[in-house]
Amino acid sequence: MEAFFRTHTYLVEHTNAPVHRLLMDEIDWSERMIGIKGTRGVGKTTFLLQYAREHFDTKDRRCLYVNMNNFYFQGRGIADFAGEFYNNGGKVLLIDQVFKETNWSKELRLCYDKYPDLKIVFTGSSVMRLKEENPELNGIVKSYNLRGFSFREYLNLMTGKDFKPYTLDEILQEHERITRKILPLVSPYKYFQQYIHHGFYPFFLEQRNFSENLLKTMNMMTEVDILLIKQIELKYLTKIKKLFYQLAVDGPKAPNISQLANYIETSRATVMNYIKYLADARLINIIYPVGQSFPKKPTKVMMHNSNLMYAIYPIKVVDQEVMETFFVNSLWKDHKVNQSNKDCCYIVDGNKKFRICDASRNGKLRMNNDTIYARYNTEIGKDNQIPLWLFGFLY
């Protein structure tokens with residue numbers, strides 16, 4: 001136990017968390033069992049350590065961070081370890097990568113039942129279906145999703161400012177007033193292209209090649225998050241990677257399931273399952289018409305965020321596709337995004353029509369009053385024309 005406390009102290013003291021994540025304020029910390037899911041690389045470990053630093057002194061033994069990667073847990077279960085921590089005055093146990101423990105959900109249930117004054121906050125992959133696949137956690141766990149940096153968070157980090165987030169309704173109704181507050185302080189478009197290329201994943205702050213780091217992360221998402229958690233045999237890994245690459249090369253469009261099935265030599269049903277796994281891993285977004293969902297064939301498959309586009313297939317990065325990817329990813333946290341029957345158009349929350357367009361080509365576009373135009377290559381907007389970068393302030 002002493003070794004874990006020493007590690008906890010060192011990690012908390014040396015954690016670099018330059019941005020206060022909005023999720024920190026959205027979580028109900030009074031809950032006894034809190035699950036934080038997120039794709040690999042978005043900062044889940046840093047988030048746990050940041051919580052420990054903000055709420056406890058580094059020497060306070062009531063809080064302890066542990067990582068299930070530690071081989072110690074191959075011979076000792078979570079509940080047994082938590083019991084020792086609890087009996088010695090422990091109050092908050094922060095468990096990183098909980099899915100590395102074979103019977104993690106049953107162990108967490110045991111902790112919940114045996115130690116009524118113990119709070120457990122654990123992290124896991126976005127692929128995990130906490131309640132659907134782990135019925136023992138129903139009714140006791142509060143689940144949250146940690147996402148990569150929003151453009152707002154990236155902008156705050158790069159400029160030292162403290163811009164606040166806005167709701168979608170605020171942006172739609174007050175975007176001219178909001179931009180008048182922001183533009184005198186910073187020129188967002190100076191940073192927007194940087195964010196599009198490398199700003200979503202916090203590890204751009206590390207002194208390493210970002211694209212190589214992201215490629216390694218993408219491989220880990222498929223090799224560990226999908227195969228391990230979904231219990232898929234290793235021999236199918238190549239098919240999943242091949243499918244992901246082909247979807248990236250094809251760009252945002254409706255997938256031809258039959259062609260993809262022939263390409264990776266499997267069935268149509270398996271292709272659809274793999275597409276769902278890739279979406280759960282936050283490697284792609286799958287878009288449907290209003291009223292439809294999986295297992296129906298999607299009308300569009302796109303990369304989950306624009307950073308992935310530059311890493312996996314940089315020779316075919318089209319501005320329009322990048323900007324649509326940014327828009328969908330920004331809205332995805334709190335809103336339902338569906339495909340419209342027109343190119344470049346989306347339906348948000350079932351009733352709001354959006355079109356993503358290049359402001360420099362405005363003269364060639366016929367405007368409709370029932371459509372909201374998210375325009376790139378501009379910093380300002382008017383009426384139903386809103387600068388695209390401002391949707392990066394939704395969280």
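On a 1 Å grid over the protein atoms alone, a cavity is a set of points where a 1.4 Å probe fits but cannot get out, and its lining residues have an atom within 4 Å of a point. Grid points are joined across faces, edges and corners, and a volume is the space filled by probe spheres set on the points. The structure described here is a predicted model, in which local features need pLDDT of at least 70 and side-chain atom pairs count only at pLDDT 80 or more, while totals for chains, interfaces and linings use all residues. Residues are numbered from 1 along each chain as its sequence is written, and side-chain values use heavy atoms, with hydrogens and water left out.

**Overall form**

The protein has 14 helices and twelve strands; helices (H or I, at least four residues) and strands (E, at least two) are DSSP runs, numbered from the N terminus. Its C-alpha trace spans about 70 × 55 × 40 Å along the principal axes. Of the 395 residues, 56% count as buried, where buried means under 20% relative accessible area, exposed over 50%, and partly exposed in between (1.4 Å probe, protein chains only). Among contacts (heavy atoms within 4.5 Å) between residues at least 6 apart in sequence, 68% join residues at least 24 apart.

**Cavities**

A search of the whole structure finds five cavities of 30 Å³ or more. In its last column, Ala, Val, Leu, Ile, Met, Phe, Trp, Tyr, Cys and Pro count as nonpolar, Asp, Glu, Lys and Arg as charged, and the others, Gly among them, as polar.

| Cavity | Volume | Lining residues by class |
|---|---|---|
| Largest cavity | about 90 Å³ | nine nonpolar, one polar, three charged |
| Second largest cavity | about 80 Å³ | four nonpolar, one polar, five charged |

The largest cavity is lined by 13 residues, and Ala248, Gly251, Met309, Lys316 and Glu321 lie nearest its centre. Helices α10 (237-250) and α13 (306-312) each supply at least two residues of this lining, and α10 gives the most, with four. The lining of the second largest cavity includes Arg21, Leu22, Leu23 and Glu26, together with Asn145, Leu146 and Arg147. Glu153, Lys333 and Tyr395 also line the second largest cavity.

**Helix α4**

Seven of the ten residues of helix α4 (residues 78-87) are buried, so this helix is largely enclosed by the rest of the structure. The buried residues are Ile78, Ala79, Phe81, Ala82, Gly83, Phe85 and Tyr86. Their cover includes α1 (2-13), β2 (63-67), β3 (92-96) and α5 (104-114). Just after α4, Gly89 takes a positive phi of about 95°.

Asp225 is placed in helix α9 (residues 210-230) and counts as buried, at 3% relative accessibility. Leaving aside residues up to four places away in sequence, Asp225 touches Arg40, Phe99, Ser125, Val127, Met220 and Lys230. Glu174 lies in helix α7 (residues 168-182) and counts as partly exposed, because its relative accessibility is 28%. Glu174 and Ile386 are 212 residues apart in sequence, yet 9.9 Å apart in space, C-alpha to C-alpha.

Key:
1 Å grid on protein atoms, 1.4 Å probe; cavity = no way out; pocket = protein on both sides within 12 Å on 5 of 7 lines; lining within 4 Å.
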